[in-house]
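Good morning, and thank you for joining.

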Amino acid sequence: MVAYDGAKLMDIAGPLQAFSEANLLDGRPAYDVVLASEDGRAVTTDTGVRLETTRLDNAVLQGVDTLLVSGSDLRLPPASTASLRSCLAEHLAQPRRLGSICTGAFVLAELGVLDGREATTHWAFCRQLEREHPAVSVDPDAIFVTSGRIWTSAGVSAGIDMVLAMIENDLGRETALNVARAMVLFLKRPGGQSQFSIELRQQMQDVRGRFDDLHDWIRANLNTDLSVPALADAARMSPRNFARVYVRETGESPARAVEKLRLEAARRLLEATRDPVRVVARRTGFGDDERMRRAFVKALGVSPQDYRSRFGQLSQD
């Protein structure tokens with residue numbers, strides 16, 4: 001695992017814990033885990049926790065089967081990554097398996113190894129990866145992606161999902177399942193990373209906040225008429241101008257935004273109440289539970305019942 005100053009602690013600790021659990025549970029030393037950095041000095045993670053490392057050149061000389069690059073917060077890019085990429089470039093051909101955790105995909109993309117391949121990263125940075133590296137086919141919903149020997153994962157905890165798949169490939173399903181159980185995780189997580197906050201993504205897209213008040217109004221009126229004319233009236237704009245400006249400011253149609261807000265409200269009710277699915281569908285404006293089920297499966301990859309069984313905060317008995 002390659003680390004550097006500013007790397008996310010969980011990007012490092014989560015996957016390494018999974019590999020370690022595989023050793024403990026399997027009863028044999030299946031993995032020899034090494035945390036490496038460019039110069040072999042201690043690195044300071046995003047949390048301030050310092051981790052001892054081995055010099056990358058020395059680690060690779062010992063023979064590396066799997067090389068993973070941890071991620072960081074791209075809003076504060078570590079100064080070390082430029083020289084780290086130069087160091088990594090010398091060793092990319094050696095590992096049987098090469099991959100990244102979270103935004104570590106940007107390091108691989110800048111080295112050219114993702115060109116012509118499908119890849120993913122944290123959902124908040126998928127558009128940036130797509131924009132900066134158009135030769136990469138970015139899947140914004142995948143938890144992790146394999147393309148030949150190259151593996152990339154979505155944000156933070158998704159790195160553990162990816163490593164569980166690696167363990168399954170290496171040691172078999174039973175060992176991977178035992179590791180997942182020990183870590184209280186799904187062996188294969190239902191749905192994709194689109195399960196995470198719809199509202200947060202809308203706030204990031206509507207950067208100027210022009211429609212914040214309208215979004216609040218929509219949330220308060222989910223089971224009423226939310227057609228373009230009704231939304232335009234609430235926004236005090238003509239329907240034609242509203243539709244045009246809304247798409248320009250948010251990057252999506254009003255109808256799509258309404259469905260996302262209904263979905264977000266339905267998720268919260270499924271998490272926090274025991275209301276039957278049909279009642280949740282009616283309260284959030286879907287009208288019937290089948291329409292809501294289709295929206296859940298399309299957006300999240302799971303049914304409302306499956307979502308509640310996973311995220312519901314109240315006992316189901």
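Let me begin with F296 and Y307, both of which are buried, meaning under 20% relative accessible area, with exposed being over 50% and partly exposed in between, for a 1.4 Å probe and protein chains only. The model is a predicted one, in which local features need pLDDT of at least 70, side-chain atom pairs count only at pLDDT 80 or more, and totals for chains, interfaces and linings use all residues. Residues are numbered from 1 along each chain as its sequence is written, and side-chain values use heavy atoms, with hydrogens and water left out.

F296 and Y307 form an edge-to-face aromatic pair, at 5.9 Å centre to centre and 70° between the planes. Rings of Phe, Tyr and Trp (its six-membered ring) pair if their centres lie within 6.5 Å; planes under 30 degrees apart are stacked, over 60 edge-to-face, and the rest tilted. Because F296 lies in helix α14 (residues 289-300) and Y307 in helix α15 (residues 304-311), the pair ties together parts 11 residues apart in sequence. Helices (H or I, at least four residues) and strands (E, at least two) are DSSP runs, numbered from the N terminus.

How many aromatic pairs does the structure hold? There are six. In one of them, the ring centres of F211 and F242 are 5.9 Å apart and the planes stand at 85°, so this pair is edge-to-face. It links distant parts of the chain, 31 residues apart: F211 is in the loop between α8 (198-205) and α9 (212-220), and F242 is in helix α11 (residues 239-250). F211 is buried, at a relative accessible area of 3%, and F242 is buried at 0%. Ring pairs join F211, F242 and Y246 into a cluster.

Turning to the core, which residues touch the most other members of the largest nonpolar core? Of its 55 residues, they are L114 and I167. Such a core is a set of buried Ala, Val, Leu, Ile, Met, Phe, Trp, Tyr and Cys residues joined through side-chain atoms within 4.5 Å. Helix α6 (residues 158-171) supplies the largest share of this core, eight residues. Leaving aside residues up to four places away in sequence, I167 touches A18, F19, A22, Y31, G172, T175, A176 and V179, where contact means heavy atoms within 4.5 Å.

Finally, a charge and a ring: the charged end of R97 sits over the ring of W151, 5.8 Å from its centre. The criterion is NZ of Lys or CZ of Arg within 6 Å of the ring centre and within 35 degrees of the ring normal.
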